[in-house]
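I opened my notebook for a look at side-chain contacts.

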Amino acid sequence: MALIDDVFGSIPPAILADWGQNVTYIKAGLPSTYNPTTGTVTTSETTVTVKAVITSVNPSEYEGLYQTTDVKIIFGAGELGDYYPSEADRIQYPQAGETREAKLISIETKRGDNPILHTVIARPQ
């Protein structure tokens, strides 16, 4: 086991339990199926409730690649088990009394031998 696992592995669950809020992580199902007769694409999705910290994104913080409406969402790797976030996934989160949905556009995973923490940038749809 890597040192980062031993030193930092227990920190995300404790912080997220205290400071996080419930969000719905929507795992995109693979593979999608296409119906040529109707022109529709069908995917099966799985939803998971996770504790996450949501902050705003400063575009200059990320070399100006992001919009001011994008959000940074941080959640523990244990929340998703052995599943790694994908840009095909989405997150539903509360904002100003409404439920917003955002598509993942950037994913960063902190890890040693095992994933510890995921930080994603998501764009509200």
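Is Glu101 buried, partly exposed or exposed? I looked up its relative accessibility: the value is 25%, so Glu101 counts as partly exposed. I note that the model is predicted.

**Entry 1: the charges around Arg90**

I searched for salt bridges and found three in the structure. I started with Glu101. Its side chain meets that of Arg90 in a salt bridge, at 2.6 Å from N to O. Arg90 lies in strand S6 and Glu101 in strand S7 (residues 98-111), so this pair ties together parts that are eleven residues apart in sequence.

I then checked Glu45. Glu45 also forms a salt bridge with Arg90, and the closest N and O atoms are 2.8 Å apart. Glu45 lies in the loop between strand S3 (40-42) and strand S4 (46-56), while Arg90 is in strand S6, so the parts tied together are 45 residues apart in sequence. I read 40% relative accessibility for Glu45, so I logged Glu45 as partly exposed.

Back to Arg90 and Glu101, whose side chains meet in a salt bridge. Shared partners join Glu45, Arg90 and Glu101 into one network of salt bridges.

**Entry 2: Asp70 and Arg123**

Next I looked up Asp70. Its side chain meets that of Arg123 in a salt bridge, 2.8 Å from N to O. The pair links distant parts of the chain: Asp70 sits in the loop between S4 and S5, and Arg123 in strand S8 (residues 115-124), 53 residues apart. I compared the accessibilities. Asp70 is buried, with a relative accessible area of 1%, whereas Arg123 is partly exposed at 23%. The cut-off matters here: buried means under 20%.

**Entry 3: the rings**

I turned to the aromatic side chains. The structure holds two aromatic pairs. One of them is Tyr25 with Tyr83, edge-to-face, with 6.3 Å centre to centre and 75 degrees between the planes. This pair links distant parts of the chain: Tyr25 is in strand S1 (residues 21-27), Tyr83 in the loop between strand S5 (71-76) and strand S6 (90-95), and 58 residues separate them.

Which residues form one aromatic cluster? I found Tyr25, Phe75 and Tyr83 in it.

Tyr25 is at 0% relative accessibility, so Tyr25 counts as buried. Tyr83 has a relative accessible area of 22% and is partly exposed.

What lies over the face of Tyr83? I found Lys27 there, at 4.7 Å from the ring centre.

Conventions: Residues are numbered from 1 along each chain as its sequence is written. This is a predicted model: local features need pLDDT of at least 70, side-chain atom pairs count only at pLDDT 80 or more; totals for chains, interfaces and linings use all residues. Side-chain values use heavy atoms; hydrogens and water are left out. Rings of Phe, Tyr and Trp (its six-membered ring) pair if their centres lie within 6.5 Å; planes under 30 degrees apart count as stacked, over 60 as edge-to-face and the rest as tilted. Helices (H or I, at least four residues) and strands (E, at least two) are DSSP runs, numbered from the N terminus. Buried means under 20% relative accessible area, exposed over 50%, partly exposed in between (1.4 Å probe, protein chains only). A charge sits over a ring if NZ of Lys or CZ of Arg is within 6 Å of the ring centre and within 35 degrees of the ring normal. A salt bridge is a side-chain nitrogen of Lys or Arg within 4 Å of a carboxyl oxygen of Asp or Glu.
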